[in-house]
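The following paragraphs lead the reader through one protein structure.

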Amino acid sequence: MAVPLETLWDIEPHTKAKHEILRRYLQAWFPILNSWNDRIVYVDGFCGPGRYKGGEPGSPLITLEVAINHRQAMRGKLVFWFIDEREDRILHLKQELKGLSIPPHFKVRPELGKFHERLGLVLDAMETSGTNLAPTFAFIDPFGFSGIPYTLIQRLLKQERCEAFITFMVDSINRFLEHPRDSIVRHIVDAFGTDEAIRIAESSGNRIEKLRVLYQNQLRRVAKFVRYFEMRDQEDRTQYYLFFATNNELGHLKMKEAMWRVDPGGEFRFSDETNPNQRVLFEFDPTTILAKELGDRFRGKGLIPVSTVHKYVENETAYLEKHMRNALREEARTGRVTVDPIKVGGQKRRVNTFPDDARITFT
Ligand SMILES: C[S@@+](CC[C@H](N)C(=O)[O-])C[C@H]1O[C@@H](n2cnc3c(N)ncnc32)[C@H](O)[C@@H]1O
């Protein structure tokens, strides 16, 4: 899609899927963060005007709607910081905000400016004074790849309890990799935080895949957990990846759950060919794939508690607990997993169940 110049533009199907992930994640995450902290911050660094041409809500309104209407009432201070470099879009957002009943403990700050400059100033101040940001979720949703320097995201993620959800425009990056203008190439190097990205232009093979892996590895340098969701266009070509980076185990789990709800087929990919309002057809069976992965990982390790497998699945794979239990049930049925009748604490295991304290062997 060409970058829209008007204040409002038409929503695309993949944007609805992106919003659905955001909505579901915040629905789970706001109450968790809110119950542990007096102050939490949501930064929407490329917030847009708050509405699409057809009347659909944009990310700032979606977020506020989740926080305002959550069945678990929010307490403490919630800061919503909306940044956009276009004055017309910020003005439009301000108009939209007037239509909401915002509770007094919500601090909503629409601000004109460039994301990296605004957040950079806040991080400078924090780093100078040796203080920490309040727990922050940053939604970084640019049209292209400029204005999202890796160094900034790195500084943000180094702060305790801060996480980022990033639209990473890999298709445009790929198209501009060999651009003759230095300034454009500079933006790509800045976004990756390394000029390795440029060297991908000279390599053979799937460049999109290589760019994805490079960015994922860069994020992994500062975040324990990194997940991505692939967005494809009408021609089924990868357009961008939604990356999520966090150091929080529970946040990671909640994001995986949000992604699985949007793509129950589990490829963590949404294509514009599919209608976002319908369930995506199951394109493959997660049970079989996970069962194979678990066999490769745990065969030869002897008798292990299910909790070890559970932790591995939650922290190191795209899958959820329910997929693990289905995979174990299937592997036990075919004899590739044997189950000890006695659990870790000495009690008997109930047939066909895989609680954390059951003990299994991958054969
Ligand atoms: C993809 S749109 C955001 C859509 C919005 N997040 C949503 O989901 O409804 C990107 C927005 O970023 C703004 N923008 C572009 N460069 C920017 C920058 N460096 N800093 C802040 N905003 C920027 C554009 O004006 C545009 O409104």
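Predicted model: local features only at pLDDT ≥ 70, side-chain atom pairs only at ≥ 80, totals over all residues.

Beyond its neighbours within four places in sequence, Phe243 is in contact with Ile166, Phe168, Tyr215, Leu219, Val226 and Tyr228. Phe243 also belongs to the largest nonpolar core, a set of 72 residues in which Ile21, Ala164, Phe165, Leu242 and Phe243 have the most contacts. Helix 1 supplies the largest share of this core, namely eight residues. Another core, of 16 residues, lies apart from it and includes Ala291, Leu294, Leu328 and Val339. In soluble globular proteins, nonpolar side chains tend to be buried together.

The mean pLDDT of the protein is 92, and 95% of its residues reach 70 or more. Residues 276–282 have a pLDDT under 50, and the model gives them twelve contacts beyond four places in sequence.

Several of the residues named above lie in strand 5, including Ala164, Phe165, Ile166 and Phe168. How many residues of strand 5 are buried? Seven of the seven, in residues 162–168, are buried, so the strand is largely enclosed by the rest of the structure. Both of its faces are covered: Cys162, Ala164, Ile166 and Phe168 are buried on one side, and Glu163, Phe165 and Thr167 are buried on the other. Strand 5 runs parallel to strand 4, to which five bridges join it. Within this pairing, Glu163 of strand 5 is the bridge partner of Phe137.

The loop between helix 5 (150–158) and strand 5 contains Arg161. Arg161 is not a glycine, yet its phi is positive, near 55°. Arg161 counts as partly exposed because it has 18 C-beta neighbours inside 10 Å.

Strand 4 (136–140) is also among the elements against which the buried residues of helix 2 pack. The others are helix 1 (13–36), strand 1 (39–44), strand 2 (77–84), helix 3 (87–98) and strand 3 (106–112). Helix 2 spans residues 59–69, and its buried residues are Ser59, Pro60, Leu61, Thr63, Leu64, Val66 and Ala67.

Strand 9 pairs with strand 11 (residues 359–362) in the antiparallel sense over two bridges. Arg359 in strand 11 is the bridge partner of Pro305.

Between strand 10 and strand 11 there is a loop that holds Asn352. Asn352, although not a glycine, has a positive phi of about 70°. Is Asn352 buried or exposed? Asn352 counts as exposed, because it has 11 C-beta neighbours inside 10 Å.

Lys311 is located in helix 12 (residues 306–316). Lys311 counts as partly exposed because it has 13 C-beta neighbours inside 10 Å. In sequence, Lys311 and His70 are 241 residues apart, and in space they are 29 Å apart, C-alpha to C-alpha.

Terms used
Residues numbered from 1 in each chain as written. pLDDT = per-residue confidence, 0-100. Contact = placed C-beta atoms within 7 Å. Helix = DSSP H or I, 4+ residues; strand = E, 2+ residues; numbered from the N terminus. Buried ≥ 20, exposed ≤ 12 C-beta atoms within 10 Å, placed from the backbone. Pairing = 2+ DSSP bridges. Core = buried A, V, L, I, M, F, W, Y, C linked by C-beta atoms within 7 Å.
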